[in-house]
Amino acid sequence: MLTPILATPDPYRAADEFVANGWTLVFATPQDSGDPLAAVELHGAQVLLGVDTEQFLPTAARDHRGAGVQLYVEVPAERLDAVHATHAAPGPVADRAWGVRAFTATIAGYSFMVATRSER
């Protein structure tokens, strides 16, 4: 299993943004724990939300957070339209030439492609 840890200025605020877009909060460390971390999930696909301290995301790179990376999340075909409806500002749902039906959304500065295999 591969679970990315996304560097954010505030993992708890980022988790709230994901939840507002239809994702589920899996866990969050206590805010006074000294180790700010949260996990969110969409149909079994999880991402961890960490901090963007210099160790994880140098200051000079922060304006380019997530550049060149798109995270792919597959959902059941019968759920795609409902998942699309829960996202605040998703792109349109479209069939892709490589056999998926998908939309894109940006959450906490990161790009996601939410997709299902096209029925052909």
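**Entry 1**

The model is a predicted one, in which local features need pLDDT of at least 70 and side-chain atom pairs count only at pLDDT 80 or more, while totals for chains, interfaces and linings use all residues. Residues are numbered from 1 along each chain as its sequence is written, and side-chain values use heavy atoms, with hydrogens and water left out.

I then checked the partner of Arg 13, which is Asp 10: the two form a salt bridge with 4.0 Å between the closest N and O atoms. A salt bridge here requires a side-chain nitrogen of Lys or Arg within 4 Å of a carboxyl oxygen of Asp or Glu. Asp 10 has a relative accessible area of 25% and is therefore partly exposed.

**Entry 2. Helix 1**

I followed Asp 10 to the start of helix 1, where one of its side-chain oxygens comes to within 2.9 Å of the backbone nitrogen of Tyr 12. Helices are DSSP runs of H or I with at least four residues, strands are runs of E with at least two, and both are numbered from the N terminus.

Which residues of helix 1 are buried? In this helix (residues 11-20), I noted Pro 11, Tyr 12, Ala 14, Ala 15 and Phe 18 as buried. They lie on the same side of helix 1, because they cover an arc of only 160 degrees around the axis; the arc is taken from the directions between the helix axis and the C-beta atoms. An α-helix has 3.6 residues a turn, so residues three or four places apart point the same way. The other side of helix 1 carries Arg 13, Asp 16 and Ala 20, which are exposed.

I also recorded what the buried residues of helix 1 pack against: strand 1 (5-8), strand 2 (24-28), strand 3 (38-42), strand 4 (45-51), strand 7 and strand 8. After the helix comes Gly 22, with a positive phi near 95 degrees.

**Entry 3. Aromatic pairs**

I found four aromatic pairs in the structure. Rings of Phe, Tyr and Trp (its six-membered ring) pair when their centres lie within 6.5 Å, and the planes count as stacked under 30 degrees apart, edge-to-face over 60 and tilted otherwise. Phe 18 and Trp 23 are edge-to-face, because their ring centres are 5.0 Å apart and their planes stand at 80 degrees. Both Phe 18 and Trp 23 are buried. The pair of Tyr 72 and Trp 98 is tilted, because the centres lie 6.2 Å apart and the planes are at 45 degrees. This pair links distant parts of the chain, with Tyr 72 in strand 5 (residues 70-74) and Trp 98 in the loop between strand 6 and strand 7 (100-107), 26 residues apart. Tyr 72 is partly exposed at 36% relative accessibility, and Trp 98 is exposed with a relative accessible area of 55%.

**Entry 4. His 87**

Where is His 87 found? I located His 87 in the loop between helix 2 (80-86) and strand 6 (94-95). Its relative accessibility of 5% makes it buried. Its side chain has a polar contact of 3.2 Å with the side chain of Trp 23. A polar contact is a pair of N or O atoms within 3.5 Å; within protein, one must be able to donate a hydrogen and the other to accept it, and residues adjacent in sequence count only if both atoms are side-chain atoms. Leaving aside neighbours within four places in sequence, I listed Asn 21, Trp 23, Leu 42, Phe 103, Ala 105 and Ile 107 as in contact with His 87, contact being heavy atoms within 4.5 Å.

**Entry 5**

I counted five salt bridges in the structure. One of them joins the side chains of Arg 117 and Glu 74, at 3.8 Å from N to O. Arg 117 is in strand 8 (residues 110-117) and Glu 74 in strand 5, so the pair ties together parts 43 residues apart in sequence. Arg 117 is exposed at 55% relative accessibility, whereas Glu 74 is partly exposed with a relative accessible area of 37%.

I then turned to Thr 116, which lies in strand 8 and is buried at 7% relative accessibility. A polar atom of the Thr 116 side chain lies 3.0 Å from the backbone oxygen of Val 75.

Definitions and conventions
Buried means under 20% relative accessible area, exposed over 50%, partly exposed in between (1.4 Å probe, protein chains only).
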